[in-house]
Amino acid sequence: MRKPALPIASVIVLMAAALSVPGAAQGEPVRVAEFVADCGLSHRLADDPIVLPNLAGASHFHDFFGNHSTNARSTQQSLEGQTGNCNPAADISSYWVPTMYRNNTAIAPTGITFYYLGEGVNNPAAIQPTPYGLKIVAGNAKATGDADSIARWSCLHAGHVNPSKNFVECPAGTMLETYLDFPQCWDGRNLDSADHKSHMTYPVAGGCPSSHPVSVPKLRMVLRYPVNGSTAGLRLSSGTGQTMHGDFFNVWPRAEMERRVRNCLNVVLKCDHAGNHG
Amino acid sequence: MTALLLAGLLLPACQQEPPPPPQNSYGATERAFVELAIATDEQALKLVELDDNPALIENRKTELAELRKLLDAPYVNHHAGHDMPGMPTDAEIQLASTSPDALKQFVHAHLTESLDVLRSAGAAITHPPTAEVVDLMERHRAAELAAG
């Protein structure tokens, strides 16, 4: 339950710092299949439009990135035509994760990057645009330990700290970061499913299985939190660090998504925020 | 491969949201509410049993029985271990077992927070049998809060 006096940190829109990935404007193009969206925290609500549709205030708290309008009642129709806070601005998709707390104080991530990658499948030329309106949930909100978790926590600028499925203690001057890879094989029919998972799966040995034959971009979420030192008192609204999960509701304009898949992923080139390569 | 390419070409015509369920049916919102309410009441039952309050215990048990009748598939607890409104956590139940003040505070928080969720559900749910259970649960909480 919420603590009656829970001080919910004021929600400040924090645009992510400019990504420090070197541009490929000069010299040879970088042979990595990638395009990117950097987003900020848009708002915080006890809503979940995928798991608890239309039930405003019924969820644990989530941090919402991207589309400013996302709430429990969001649909493909309600999200389209709205604005968001991602770079590129064209990406008005909704992304959300459980809120992080130190004791009862919410902590917002200050680096929020969504990579769309061509890795994980042997034939990137066959990658199709992410279907408009597709909903994906990644991670296990019900994880009870390492064995049933795919979370990954590490330290930015402290590679000697071994990654873990739970929070790690990061040295002073570094930041706690988490990576989450979304499933990239689609069943070709359903934009959602009753368990919100079975319409998507992960590739096997570099290919999408026959049950989920359509290869779509691999979404990798990277969040950086202004946290280091002891992990005492750290928690997510879903529990331990192992319960880290992410939700994605795709409303990239179709043409913008298609152009990036064609120009960046299918031909294995690293693109900038505008979807252009060097 | 040819089939895959063809599938790719045909994709735009196939991409459909699941068709909206007919009005007044047991749809995604109802299913989500029932699963959430069962998870909440199961935790709440552990809490109110500490209070030895027969009315609260009986009401939660009645609600759980009515909620389970609405399920259209085997129940899965999607919310175990989460910090959901109105749902006492295991840590809170543990604390309440040793502190009467904490118990009183957590029972009150359970009632007020779950009442907020029920009001939200009442505005969203169109399936009459589910709406009846929402009404029952709202009435229970209103009476329980009034009884102090």
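Questions on the helices and sheet of a predicted model

Biologist: Over how many bridges do strand β11 and β12 of chain A pair?
Modeller: In this predicted model, strand β11 covers residues 185-186 of chain A. Its pairing with β12(A) is antiparallel, and the number of bridges is two.

Biologist: Which residue is the bridge partner of A:W186 in β12(A)?
Modeller: Strands of a sheet pair through backbone hydrogen bonds, either parallel or antiparallel. For β11(A) and β12(A) the sense is antiparallel. In β12(A), the partner of A:W186 is A:M200.

Biologist: Which strands of chain A stand at the edges of the sheet?
Modeller: The sheet is open, has three strands and runs in the order β12-β11-β13, with antiparallel pairing. An edge strand here has a single partner strand, so one side of it is left without a neighbour in the sheet. The edge strands are β12 (200-201) and β13 (214-215) of chain A.

Biologist: Are α2(B) and α5(B) roughly parallel or roughly antiparallel?
Modeller: Helix α2 (residues 28-51) and helix α5 (residues 100-124) of chain B pack with their axes 11 Å apart, at an angle of about 165°. Angles over 145 degrees count as roughly antiparallel. That makes α2(B) and α5(B) roughly antiparallel.

Biologist: How many residues in the contact of α2(B) with α5(B) are nonpolar?
Modeller: The α2(B) side includes B:F33, B:A44 and B:L47, and the α5(B) side includes B:L103, B:F106 and B:V107. By class, the contact has one charged residue, four polar ones, and nonpolar residues numbering ten.

Biologist: How do α3(B) and α6(B) run, roughly parallel or roughly antiparallel to each other?
Modeller: Helix α3 (residues 54-70) and helix α6 (residues 128-146) of chain B have axes that come within 10 Å and cross at roughly 170°. Residues that meet include B:L56 and B:L67 in α3(B), and B:V133 and B:L136 in α6(B). The two helices, α3(B) and α6(B), are therefore roughly antiparallel.

Biologist: Which helix gives the most residues to the side of chain B that touches chain A?
Modeller: In all, 35 residues of chain B are in contact with 33 residues of chain A. The helices α1 (2-14), α2 and α5 of chain B each supply at least two residues of that side. With ten residues, the one that gives the most is α5(B).

How values were computed
Residues are numbered from 1 along each chain as its sequence is written. Chains are lettered from A and ligands numbered from 1 in the order in which they are written. This is a predicted model: local features need pLDDT of at least 70, side-chain atom pairs count only at pLDDT 80 or more; totals for chains, interfaces and linings use all residues. Axes are lines fitted to C-alpha atoms, for helices over the stretch in contact, and angles run from 0 to 180 degrees between N-to-C directions. Helices (H or I, at least four residues) and strands (E, at least two) are DSSP runs, numbered from the N terminus. Angles under 35 degrees count as roughly parallel, over 145 as roughly antiparallel, 65 to 115 as roughly perpendicular and the rest as oblique. Two residues are in contact if their C-beta atoms, placed from the backbone, lie within 7 Å. Ala, Val, Leu, Ile, Met, Phe, Trp, Tyr, Cys and Pro count as nonpolar, Asp, Glu, Lys and Arg as charged, and the others, Gly among them, as polar. Two strands pair if DSSP finds at least two bridges between them.
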